[in-house]
Amino acid sequence: MSDDKPVESAVRQKLTEALKPQYLDIINESYMHNVPKGSESHFKVVIVSSAFENVKRLQKHQLVHQAIQEELDNKIHALSIVAKTPAEWEVSQDVGKSPPCRGGAGL
Amino acid sequence: MNVLLRKCSLSTLVSQPSKSTFLRCLAQMSSKVNFDELVKDKPIVVFMKGTPKAPRCGFSNAVCQILEFHGIKSFDSYDVLSNEDIRQGVKEYTNWPTIPQVFFNGEFLGGCDIMLEMHKSGELIEELKKIGIRSALLDKA
């Protein structure tokens with residue numbers, strides 16, 4: 001099977017398996033950064049899951065980190081996370097806007 | 001090394017720490033940098049790319065902007081781009097894979113997303129109060 005978005009696909013599959021999200025959006029924001037066209041280096045994940053019920057804010061993000069540890073260690077340079085419970089998502093679907101790159105990082 | 005091991009097991013006895021505390025202890029042992037020392041006794045410490053005056057990453061810049069919005073113009077910061085030991089070490093210390101990382105009174109608060117969430121919800125004003133800083137936003141209202 002050919003896949004021109006291997007990192008995005010892996011992230012989608014792993015988060016779906018680990019957290020059974022009700023809503024999942026994986027946005028490749030690499031184009032906003034100083035990386036080659038078509039890169040899969042900068043991502044934003046918007047995820048709504050019951051797995052986040054009664055979980056502290058830091059730990060919600062850590063659940064996401066753990067599920068995609070391999071990609072974070074080896075492929076992904078920057079990851080922005082919006083992690084909400086279904087009830088929180090009901091109240092606000094604001095996912096914000098990622099800040100513009102300031103060029104210093106490289107990969 | 002033995003002393004460090006004893007320290008770990010001693011703290012295990014005293015506070016019965018979670019797995020993450022133990023992992024942090026192990027990370028501390030393998031790291032060349034003593035992060036406890038870097039963050040303790042300081043109201044705000046930010047590990048970032050660049051400096052508050054010249055951030056070199058949008059996420060690090062956003063954290064500085066949020067703090068400035070609350071009237072905080074100066075705080076301790078470490079530029080991870082100029083020190084690879086700090087860059088890798090802080091990720092192990094907090095078990096958090098990305099930069100920036102924000103500490104209030106030695107406690108890890110989170111990265112850019114969490115600062116932004118707390119800013120939007122008003123919780124940041126409360127967290128600042130806990131460390132003895134009155135948010136400038138309270139005076140703007």
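Modeller: Let's start with burial: a residue is buried if 20 or more other C-beta atoms, placed from the backbone, lie within 10 Å of its own, exposed if 12 or fewer, and partly exposed in between. Helices (H or I, at least four residues) and strands (E, at least two) are DSSP runs, numbered from the N terminus. This is a predicted model, where local features need pLDDT of at least 70, side-chain atom pairs count only at pLDDT 80 or more, and totals for chains, interfaces and linings use all residues. Residues are numbered from 1 along each chain as its sequence is written, while chains are lettered from A and ligands numbered from 1 in the order in which they are written.

Colleague: How many residues of strand β3 of chain A are buried?

Modeller: Seven of the seven residues of β3(A), residues 78-84, are buried, so the strand is largely enclosed by the rest of the structure. Both faces are covered: A:Ala78, A:Ser80, A:Val82 and A:Lys84 are buried on one side, and A:Leu79, A:Ile81 and A:Ala83 on the other.

Colleague: What is the strand order in the sheet of chain A?

Modeller: Two strands pair if DSSP finds at least two bridges between them. Here the order is β1-β2-β3, an open sheet of three strands with mixed pairing. β1 (23-28) and β3 of chain A are the edge strands, each pairing on one side only. From one strand to the next, the twist averages 10°.

Colleague: Which strands run parallel and which antiparallel?

Modeller: β2(A), residues 42-48, pairs with β3(A) in the parallel sense over seven bridges; there, A:Val48 has A:Lys84 of β3(A) as its bridge partner. β1(A) and β2(A) run antiparallel, joined by six bridges, and A:Asn28 stands opposite A:Phe43 in β2(A).

Colleague: And helix packing: at what angle do α1 and α2 of chain A pack?

Modeller: Two packed helices are described by the angle between their axes and the distance between the axes. Axes are lines fitted to C-alpha atoms, for helices over the stretch in contact, and angles run from 0 to 180 degrees between N-to-C directions. α1(A), residues 6-19, and α2(A), residues 57-67, pack at about 125°, with their axes 9 Å apart. That makes α1(A) oblique to α2(A) (under 35 degrees is roughly parallel, over 145 roughly antiparallel, 65 to 115 roughly perpendicular and the rest oblique).

Colleague: Which residues make the contact of α1(A) with α2(A)?

Modeller: Two residues are in contact if their C-beta atoms, placed from the backbone, lie within 7 Å. α1(A) brings A:Lys14, A:Leu15, A:Ala18 and A:Leu19, and α2(A) brings A:Leu63, A:Val64 and A:Ala67. α2(A) also lies across β2 and β3 of chain A, at about 125° to β3(A).

Colleague: What about chain B: how many helices and strands does it have?

Modeller: Chain B has eight helices and four strands. Buried residues make up 35% of its 141 residues. As for one residue, B:Arg134 sits in the loop between α7 (123-130) and α8 (137-140) of chain B. B:Arg134 counts as exposed because it has 12 C-beta neighbours inside 10 Å.

Colleague: How many residues does each chain bring to the contact between A and B?

Modeller: Chain B gives 17 residues and chain A gives 19 residues. On the chain B side, α4 (58-69) and α6 (112-121) each supply at least two residues.
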